[in-house]
Amino acid sequence: MKVIETSRRRFLQSSVVLTVYATTSSALTFVPDSVTQPTTSTKDIAKIPFLCNMCRNKCAGIGRVENNILTKIDPNPLFPKSRNMICPKGNAGIQALYDEDRLKYPLIRIGKRGDGKYKKVTWNEAYEYIKDKLVKILEKEKDNRSTIAYCNGEGFNKDEYIKFFGNKLGSANFLDEGSICLNTKLGATVLTIGDVGEMDVDGSDYVVIVGANRYESLITPDSVDMIKKQSKRKLVVLDPRVTVTALKADEYLPIHPGTDLALCLAMTYVALKDELYDKEFVKRYFKDFDKYKEHILKENYTPKWAESKTHIPAKKIEKLAKEFFRAKNPLFYLGRRSVWAKNDFQLRRAMVLLNALAGSVNRKGGIILGKQIKLPPEEVNSPLYANAKERFDLDGIVYGSNKGGSWLNFRDKVVNNKAPYSVRAMFIRKHNLMMNMPNIQKTKKMLDMMDLVVVLDTMPTDTAIMADVILPECTYLEREDMVVSFNKLEPSLALRNQVVKPLYESRSMQDILKGLGEKLSKPLFEVSKKFDEDLQDSIKDVGEKKAFEDGGYDLAELYKKDISQRNKELIIKNFGKEAYESLKQNGVWYPHMKEYHKEIFNNFYQYYPEDKRFYTVDREFKVNCYLKKLKDNGFDPMPSWRDEYDFKVAKNKFRFITGRYVMFTQSATTNNVMLRDLMKTNHAWINNKKAQKLGIKSGDMVEIKSSIGKVKLKAYCTNKIHPGCIWFAHGFDSKSDSMTNSFHNGANDNQIIEDKFEKIYGCATMHETDVEVSLIKKAKNG
């Protein structure tokens with residue numbers, strides 16, 4: 001994108017190349033010349049508690065604000081979830097706030113989609129454009145509201161976004177990041193033990209991690225717990241690559257990609273055959289245990305069998321199983337990672353069942369069920385649209401997520417014209433589809449098919465430049481959000497307070513949806529009047545005004561009160577005035593906080609006394625070994641191995657595996673110059689012996705090619721990766737030239753990852769693409 005802006009200070013243009021033809025003028029917005037400027041000793045200083053949004057963990061911070069400029073971020077010692085911690089990514093939130101590449105005002109496309117030509121408009125002009133387009137679309141589709149798809153990639157405000165587009169506007173087609181992330185894990189735990197749970201790493205004495213990379217991809221208190229008390233805890237890591245997590249482990253076992261399930265089945269075999277499992281726990285909680293035991297033993301999932309699948313010696317597998325089940329508080333870590341292989345749902349089930357066999361569910365050091373502080377939902381009056389169709393992306397998927405759907409299945413049906421109706425519009429919030437989904441060209445084709453694409457974001461991403469309308473959302477530091485309940489072991493409420501006022505012409509999501517709702521309500525109601533027979537009957541019975549008001553057709557209903565007032569009323573009504581004051585002043589509240597919270601020693605805090613934590617709760621649950629619905633749909637009802645799961649790569653090819661660096665949250669922080677300073681670019685990891693045969697040395701430029709695309713990247717030759725694999729980190733190589741620091745920097749893995757997905761939850765399988773590697777150019781010193 002290229003920008004020409006005639007009414008702003010020069011430094012605001014310095015790194016922007018998006019062409020915007022200015023049609024309106026606006027007041028200047030002051031930003032600091034440097035985010036590292038020294039703090040002052042003036043009296044106009046405020047310290048404001050907030051919740052970070054630089055990754056999924058949502059740590060609590062305190063912003064030091066001087067004259068409405070954020071000058072420093074400190075950790076908030078009161079929040080149990082983040083435990084007085086702010087990582088480098090959290091500190092780089094200042095750069096996210098003051099990034100010169102930020103989207104600053106509403107834009108409407110005036111060129112071809114993707115060519116980056118936009119004109120600057122007022123918010124009202126942007127809303128008018130959207131209204132006119134939607135009226136035409138819904139007229140054409142006879143008020144099928146599901147012709148409008150909407151997606152969201154940010155955890156905060158997701159439910160409110162769904163209320164607006166799903167409950168109020170009436171679309172069934174919501175998609176989120178779950179199907180390109182960890183829906184199989186969430187589904188497997190809920191279907192097996194009835195709860196997503198929470199892993200108590202700190203309370204465990206033996207931890208096994210397969211495929212997850214806590215020290216290199218996500219640094220949170222959980223990561224710290226794995227290092228803490230290491231003399232009292234054994235950490236075993238299995239991975240095709242020697243990750244930072246593997247380097248920190250007591251024992252590292254290299255494993256073939258996609259064969260973790262075989263390891264779990266063999267560990268289960270040892271536990272059942274030698275009767276190492278917790279018999280009392282099994283007797284009380286397990287359902288269909290005898291079926292599972294018979295299945296595992298009959299299939300003969302021995303350590304010797306698993307050796308042929310995983311390449312881990314049978315003796316080591318047997319030793320691992322016996323150590324795990326003899327530990328007092330073992331934990332087979334479920335991980336927070338994307339879906340790697342087609343057997344991932346079965347793997348996650350096997351992992352949960354291993355924990356359950358060891359009795360490590362609803363107890364210290366295991367999968368905690370806990371006791372979360374419940375927040376009542378805000379009620380909203382939802383219209384009943386007679387012509388709105390059901391979602392279609394879960395057709396052919398056994399379970400799937402009714403909330404977030406299956407991205408790849410949805411996209412396939414749209415681009416191949418196999419959807420039962422046309423999808424003509426898409427609203428995209430903080431979800432960079434053009435970088436984050438396998439097979440980018442297919443995503444582009446999907447967006448090109450739309451009559452209307454609207455993007456709400458803070459940055460001019462690859463997806464933003466595919467939009468017809470760009471609506472600049474402010475960053476998390478410029479807004480207040482609804483109060484959120486966190487954690488089950490040490491539960492608390494936390495509030496994201498507004499640290500500084502929104503810069504430029506950006507707005508919060510709530511304010512954007514309020515303006516959109518006010519603009520759309522009556523015109524879209526007029527469309528429904530033409531096609532919705534139920535509404536026509538209602539108007540005959542009670543009149544148009546009452547049918548509109550009582551029917552919930554006012555899309556801005558939720559925003560009659562601003563976010564601060566909504567928070568105040570909800571918190572005081574359910575938890576009292578003291579809780580509200582604590583959340584505003586401290587950012588955190590939980591029962592007995594003043595009594596429980598105390599500093600143990602230098603910057604380490606107790607949040608709940610040991611005997612007050614919810615390690616074990618009085619709850620009836622069952623461990624489901626057998627899932628009949630899987631059987632009915634042609635899938636294995638219990639974790640099983642199939643020959644198609646074997647690791648096989650054609651001669652002269654490699655299995656591509658991906659991951660990420662701790663500095664980056666997918667592509668969301670890829671333009672952040674403070675984080676770029678820590679990791680300039682990504683490199684292709686290749687086994688040094690394989691590289692030598694190909695004539696490749698570290699620093700050489702190589703081409704990595706799959707069936708759908710190719711990338712160029714510098715090689716890193718090492719013995720720390722499986723000989724049959726190639727690895728490089730996700731989140732690099734923006735194609736939007738307005739992303740100054742990430743434009744054409746490194747390579748994007750989704751240029752080469754094939755768009756395959758498993759059929760139980762509809763999740764993309766990220767480690768099932770084979771690639772060829774060839775030398776392009778020798779390094780200058782090579």
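Tyr-504 sits in the loop between strand 20 (492–494) and helix 18 (509–531); helices (H or I, at least four residues) and strands (E, at least two) are DSSP runs numbered from the N terminus. The model is predicted, with local features requiring pLDDT of at least 70 and side-chain atom pairs pLDDT 80 or more, while totals for chains, interfaces and linings use all residues. Residues are numbered from 1 along each chain as its sequence is written, and side-chain values use heavy atoms, without hydrogens and water.

**Backbone**

- Most residues other than glycine have a negative phi.
- Tyr-504, although not a glycine, has a positive phi of about 55 degrees.
- Asp-143 belongs to the loop between helix 3 (123–140) and strand 7 (148–152), and is buried with a relative accessible area of 0%.

**Helix packing**

- Helix 18 packs against helix 19 (residues 533–542) at an angle of about 100 degrees, the axes being 6 Å apart; axes are lines fitted to C-alpha atoms over the stretch in contact, and angles run from 0 to 180 degrees between N-to-C directions.
- Helix 18 and helix 19 are therefore roughly perpendicular to each other (65 to 115 degrees).
- Helix 18 contributes Phe-525, Ser-528, Lys-529, Lys-530 and Phe-531 to the contact, and helix 19 contributes Glu-533, Leu-535, Gln-536 and Ile-539; contact means heavy atoms within 4.5 Å.

Terms used:
Buried < 20%, exposed > 50% of the residue type's maximum accessible area, 1.4 Å probe, protein only. Parallel < 35°, antiparallel > 145°, perpendicular 65-115°, else oblique.
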